[in-house]
Amino acid sequence: MTDSRAGGPQLITYIDRLAGDLDGLQSVLRGPLDGVFDGVHLLPYYTPFDGTDAGFDPTDHTQVDPRLGSWEDVRALSGDHTVMSDVIVNHVSSRSAMFQDVVEHGDGSRWSPMFLTLSSLFPDGATEADLARIYRPRPGMPFTTMTLGGERRLVWTTFTPDQVDLDLRSDVAWEYLESVIDALTSAGVTMLRLDAVGYTGKEAGTSCFMTEPAARYTQRILELAHARGASVLLEIHGHYLQQVEIAQSVDYVYDFALPPLVLHALHARDLRPLKAWFGVRPANAVTVLDTHDGIGIVDVGANDLRPGDPGLLNPAQIDALVESIHDASGGTSRAATGAAASNLDLYQVNCTFYDALGRDDARYLLARLIQIMTPGIPQVYYVGLLAGANDMELLEASGVGRDVNRHHYSADEIRAAVERPVVAAQLDALRLRREHGAFGGEFTSEFTDTTLSMRWNQGDQEVVLQADVGAGTFSLLASGREDEVVCDHTSVATSV
């Protein structure tokens, strides 16, 4: 938790889809991305990294997939960068040795208490009201019928039938999680991202999401991480006030409201919702525009779990935003989202951020500058960094909606991408964010309905972003730079 690099820009990437393996990733970070990032969030690289949920369903969470490298390679990477890795706290693969032992032996397996079934939580049976109350981000109930030890059971599977939920009321589940945390921190990982932690605290008579037990389990993981010199980032999609509240008791939360609010500002030419968010957002945030998942919409809307609390956008604004994204992408995001694809994430739009803005280089660069200037740790997804477009060939081949934003880059594609003005401008701005002394000082912002000024200041060092979302004009100025102008809307040529 004392890593001096922890506050600088971070790259989010699949190892295989950007660089092939860990050694290749080192080469990319020391080559075309030299001096850009202080940290890197390595998306799941465990065995196997290419399961049914792109690594979030490992059969062995304590081993690096040998096709990508080894723990020694992770440790070598941590010598130059803050390394963040995922702790998948809600579930394990149904193909894992532990669950397969339960499949064979049922309750006779030593691993049986580790996994959650319907009867685990409702030993006397569940009522219709009990089941209707359960929150799930996808259609249908979170159960899959399986045979365990010769007996048909309803196994709790919040996300997919390949991902069996853990019962964190059991000691054996905590033995497992501690072994995962030990493997990561022993290899130099100093930031742990808790995947789907909001679903861990399942309790009869509740929504089974963001419950008191989930908060208690989070604190227990926090203590385990801190004892090993690591900090924790929570991954939770929900009402924006939940992020504000949770941020008070953890190291970091995501600013998942920022991406849709920036898109709304640039499509609707309206900064008022973003201004409202800046008035309440937590400072201990990791900022993103795009990630390996879709563009979250639930994070700015009203939520059934918080009746009476409006969202940052009203229903009409959300509908307009989603349609604007679909129109800007030429309909490709519509083909990748919701019932159109196998990932039924009804709370997300599957699209690259570049296509979500119609491949408008100037507005895209402005979106990235707003992120870079926002307080917190800026994380940049590899596809977004390279201004990637929706990969419709990959979507067609896999049928997985999120794959539209998970392109496999070749070395030649990377070399070509970094030569594009929009990518070069992002890299320059990220280097500024990493190196300029003003970012260690005070942040202030001013908004009107269509204009913004974001300013970092420390002594005689200053960085200022001024923008008009109505006109699509902006400039980024920094003290100590030639002519003070780092970039503006004329720096890139729009390619629509």
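Reply: A crossing is left-handed if the near helix is turned anticlockwise from the far one by less than a right angle, and right-handed if clockwise. Helices (H or I, at least four residues) and strands (E, at least two) are DSSP runs, numbered from the N terminus. This is a predicted model, in which local features need pLDDT of at least 70 and side-chain atom pairs count only at pLDDT 80 or more, while totals for chains, interfaces and linings use all residues. Residues are numbered from 1 along each chain as its sequence is written, and side-chain values use heavy atoms, with hydrogens and water left out.

Me: Which hand does the crossing of H15 and H19 have?
Reply: Helix H19 covers residues 421-435, and its axis lies 10 Å from that of H15 at an angle of about 15°. Axes are lines fitted to C-alpha atoms, for helices over the stretch in contact, and angles run from 0 to 180 degrees between N-to-C directions. The crossing of H15 and H19 is right-handed.

Me: How many charged residues are there in the contact of H15 with H19?
Reply: Contact means heavy atoms within 4.5 Å. H15 contributes Asp361, Tyr364, Leu365, Arg368, Leu369 and Ile372, and H19 contributes Val422, Ala425, Gln426, Ala429, Leu430 and Arg433. Ala, Val, Leu, Ile, Met, Phe, Trp, Tyr, Cys and Pro count as nonpolar, Asp, Glu, Lys and Arg as charged, and the others, Gly among them, as polar. The residues of this contact are eight nonpolar, one polar and, as for the charged ones, three.

Me: Is the crossing of H2 and H3 left-handed or right-handed?
Reply: Helix H2 (residues 22-30) packs on helix H3 (residues 71-78) at about 15°, with the axes 10 Å apart. The two are therefore roughly parallel. Leu22, Leu25, Gln26 and Leu29 of H2 meet Asp73, Val74, Ala76 and Leu77 of H3. H2 passes H3 in a crossing that is left-handed.

Me: Which residues touch the most other members of the largest nonpolar core?
Reply: A nonpolar core is a set of buried Ala, Val, Leu, Ile, Met, Phe, Trp, Tyr and Cys residues joined through side-chain atoms within 4.5 Å. Buried means under 20% relative accessible area, exposed over 50%, and partly exposed in between (1.4 Å probe, protein chains only). The largest such core has 155 residues, and those touching the most other members are Tyr45, Leu465 and Leu476.

Me: Which peptide bond is cis, with omega near -10°?
Reply: Most peptide bonds are trans. Proline 48 lies in the loop between strand E3 (46-47) and strand E4 (60-64). The cis bond with omega near -10° runs from threonine 47 to proline 48.

Me: What is the phi of arginine 359?
Reply: Arginine 359 is in the loop between helix H14 (353-356) and helix H15 (361-373). Its relative accessibility is 36%, so arginine 359 counts as partly exposed. Although arginine 359 is not a glycine, its phi is positive, near 60°.

Me: What is the separation of the C-alpha atoms of arginine 30 and valine 89?
Reply: Arginine 30 belongs to helix H2, and it counts as exposed because its relative accessibility is 53%. Arginine 30 and valine 89 are 59 residues apart along the chain, and their C-alpha atoms are separated by 32 Å.

How values were computed: Angles under 35 degrees count as roughly parallel, over 145 as roughly antiparallel, 65 to 115 as roughly perpendicular and the rest as oblique.
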